[in-house]
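Subject: Structure handover

Hello,

Here is the structure I promised to pass on. Please load it before reading on.

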Amino acid sequence: MSVTDLIIRSSLLDAAAQPLLEGLVSEYDGRYGAASRPGGARSEILRYPSEAFSPPLGDFLLLQRDGETIAGGAFMSHDAETAELKRIWTRPDLRRQGLAKRIVLELEESAAELGYTRAYLTTGFRQPEASALYLLLGYRPLFDTAVDLTLYRSLPFEKHIGAKAGQPGTSTVYPPTGSFEEATARVAALKAQQEAKILARLASFGITAAA
């Protein structure tokens with residue numbers, strides 16, 4: 001019997017996306033602990049309205065095999081140039097088969113079609129396989145890879161895409177903090193700044209977050 005893989009556009013609210021949602025919650029809470037953030041991973045994953053991950057600002061893609069969701073990912077808008085990749089997931093028993101790579105490349109292509117020229121993303125310090133994938137795909141780490149990664153907690157990467165594909169990144173590389181607690185505080189502050197900026201951009205397109 002032949003295997004049929006298909007990439008479809010979806011939403012975190014769709015039933016087809018629930019394996020991805022539950023998989024991310026289980027993985028993040030398992031690696032970092034459900035108490036590592038208010039509301040656990042689920043509150044973080046559902047932080048932004050689903051419209052943020054739909055054209056013309058974003059996209060949400062699922063990879064399905066014979067109708068079953070096995071991988072997926074999304075991106076949202078930071079500004080006219082930068083799309084942030086989020087929710088990258090592959091079913092655990094199907095990893096190391098290039099599925100995440102395919103999803104990231106599809107997201108980059110979709111973002112480029114919407115006019116974005118820079119992809120940005122973050123991953124956690126306890127996800128070395130994710131960091132390895134992004135480095136393989138040409139992402140530039142915005143942190144010092146030679147130091148203890150707990151001094152960053154959240155690891156940012158960037159890559160030029162679309163009209164600027166192949167151009168080197170120029171964003172500032174963050175210095176390490178002095179402790180895990182300092183890293184946690186810095187990440188919280190950066191996230192708050194980014195969230196305010198993202199919500200303002202969404203609002204300019206008539207998209208508001210739920211109260």
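Below are notes on a pocket, a histidine, the aromatic pairs and some backbone points.

Please keep in mind that this is a predicted model. Every value here is computed from it.

**The second largest pocket**

The second largest pocket holds about 250 Å³ of space. It is lined by 14 residues, and H78, Y120, Y174, Q194 and K197 are the closest to its centre. Which elements supply at least two residues each to this lining? They are β5 (118-124) and α5 (180-204). Helix α5 gives the most, with five residues. By class, the lining splits into five nonpolar, six polar and three charged residues.

**H78**

H78 is among the residues closest to the pocket centre. Its place is the loop between β3 (68-77) and β4 (82-90). Is H78 buried or exposed? It counts as buried, because its relative accessibility is 9% and the cut-off for buried is under 20%. The side chain of H78 makes a polar contact of 2.7 Å with that of E84. Beyond its neighbours within four places in sequence, H78 touches E84, Y120, Q194, K197, I198 and R201.

**Aromatic pairs**

A pair of aromatic rings is described by the distance of the centres and the angle of the planes. There are six aromatic pairs in the model. One of them joins F125 and F180, in an edge-to-face arrangement. Their centres are 5.7 Å apart, with 70° between the planes. What does this pair tie together? F125 sits in the loop between β5 and α4 (128-136), and F180 in helix α5, so the pair links parts that are 55 residues apart in sequence. F125 is buried, at 15% relative accessible area. F180 is partly exposed, at 30% relative accessibility.

Y134 and Y139 also form an edge-to-face pair. Here the centres lie 5.9 Å apart and the planes are at 65°. Both partners are buried: Y134 has 6% relative accessibility, and Y139 has a relative accessible area of 3%. These two tyrosines belong to a cluster. Ring pairs link Y134, Y139, F143, Y152 and F157 within it.

**Backbone points**

Most residues other than glycine have a negative phi, and most peptide bonds are trans. A few places in this model are worth a look on that account.

- The peptide bond from P55 to P56 is cis, with omega near 10°. P56 is in the loop between α2 (40-45) and β2 (59-65).
- R87 is not a glycine, yet its phi is positive, at about 60°. R87 belongs to strand β4. R87 is buried, at 6% relative accessibility.
- R96 is not a glycine either, and its phi is positive too, at about 65°. R96 lies in the loop between β4 and α3 (99-113). R96 is exposed, with a relative accessible area of 86%.

So where do the two arginines stand? R87 is in a strand and buried, whereas R96 is in a loop and exposed.

Best regards

Note on methods: Residues numbered from 1 in each chain as written. Predicted model: local features only at pLDDT ≥ 70, side-chain atom pairs only at ≥ 80, totals over all residues. Heavy atoms only, no water. 1 Å grid on protein atoms, 1.4 Å probe; cavity = no way out; pocket = protein on both sides within 12 Å on 5 of 7 lines; lining within 4 Å. Points joined across faces, edges and corners; volume = space filled by probe spheres on them. Helix = DSSP H or I, 4+ residues; strand = E, 2+ residues; numbered from the N terminus. Nonpolar A, V, L, I, M, F, W, Y, C, P; charged D, E, K, R; others polar. Phe/Tyr/Trp six-rings, centres within 6.5 Å; stacked < 30°, edge-to-face > 60°. Buried < 20%, exposed > 50% of the residue type's maximum accessible area, 1.4 Å probe, protein only. Polar contact = N/O pair within 3.5 Å; in protein donor to acceptor, adjacent residues only side chain to side chain. Contact = heavy atoms within 4.5 Å.
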